[in-house]
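Look at the sequence and the fold side by side. The paragraphs below lead through salt bridges, a strand residue and a loop.

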Amino acid sequence: MNILVRLAGDHPLDIAADSISGYHRPLSGEVANLTASCQPDALIDGWLTAPPLGLACAVEVDNVEIMAGILYGVRVTAKAVELQVEG
């Protein structure tokens with residue numbers, strides 16, 4: 001499975017993710033969200049010092065967009081960086 005988080009903006013960035021969790025298809029106007037986990041080396045140097053929260057982004061799985069939304073959270077754990085997307 002090929003997972004990609006595409007961040008928009010003045011300096012677009014594509015981040016390869018290892019996995020996604022928490023995704024479900026929204027029903028009746030619900031807000032969808034998911035968490036994409038990636039390795040720290042998938043990010044450019046210095047990105048974690050000021051992640052672009054609120055920036056438009058899209059999540060693709062095997063070249064199919066499954067969600068468009070915004071980056072609303074970034075969490076760093078001992079195993080990965082978690083990118084939280086809401087759409």
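Helices (H or I, at least four residues) and strands (E, at least two) are DSSP runs, numbered from the N terminus. This is a predicted model: local features need pLDDT of at least 70, side-chain atom pairs count only at pLDDT 80 or more, and totals for chains, interfaces and linings use all residues. Residues are numbered from 1 along each chain as its sequence is written, and side-chain values use heavy atoms, with hydrogens and water left out.

Begin with the loop between β5 and β6, where asparagine 63 sits. Its phi is near 65°, a positive value in a residue other than glycine. Aspartate 62 is in the loop between β5 (56-61) and β6 (64-76), and has a positive phi of about 50° although it is not a glycine. Asparagine 63 is exposed at 65% relative accessible area, while aspartate 62 is partly exposed at 45%. Here buried means under 20%, exposed over 50%, and partly exposed in between (1.4 Å probe, protein chains only).

The whole structure has three salt bridges, each a side-chain nitrogen of Lys or Arg within 4 Å of a carboxyl oxygen of Asp or Glu. Arg6, Asp14 and Glu60 form a network of them. In it, arginine 6 meets aspartate 14 at 2.8 Å, N to O, and glutamate 60 at 2.9 Å. Because glutamate 60 lies in strand β5 and arginine 6 in strand β1 (residues 3-7), this pair ties together parts that are 54 residues apart in sequence.

Arginine 75 pairs with glutamate 82 at 3.1 Å. Glutamate 82 is buried, at 17%. Threonine 35, in strand β4 (residues 33-38), touches residues including Glu82 (contact: heavy atoms within 4.5 Å).

Definitions and conventions. Lists of a residue's contacts leave out its neighbours within four places in sequence.
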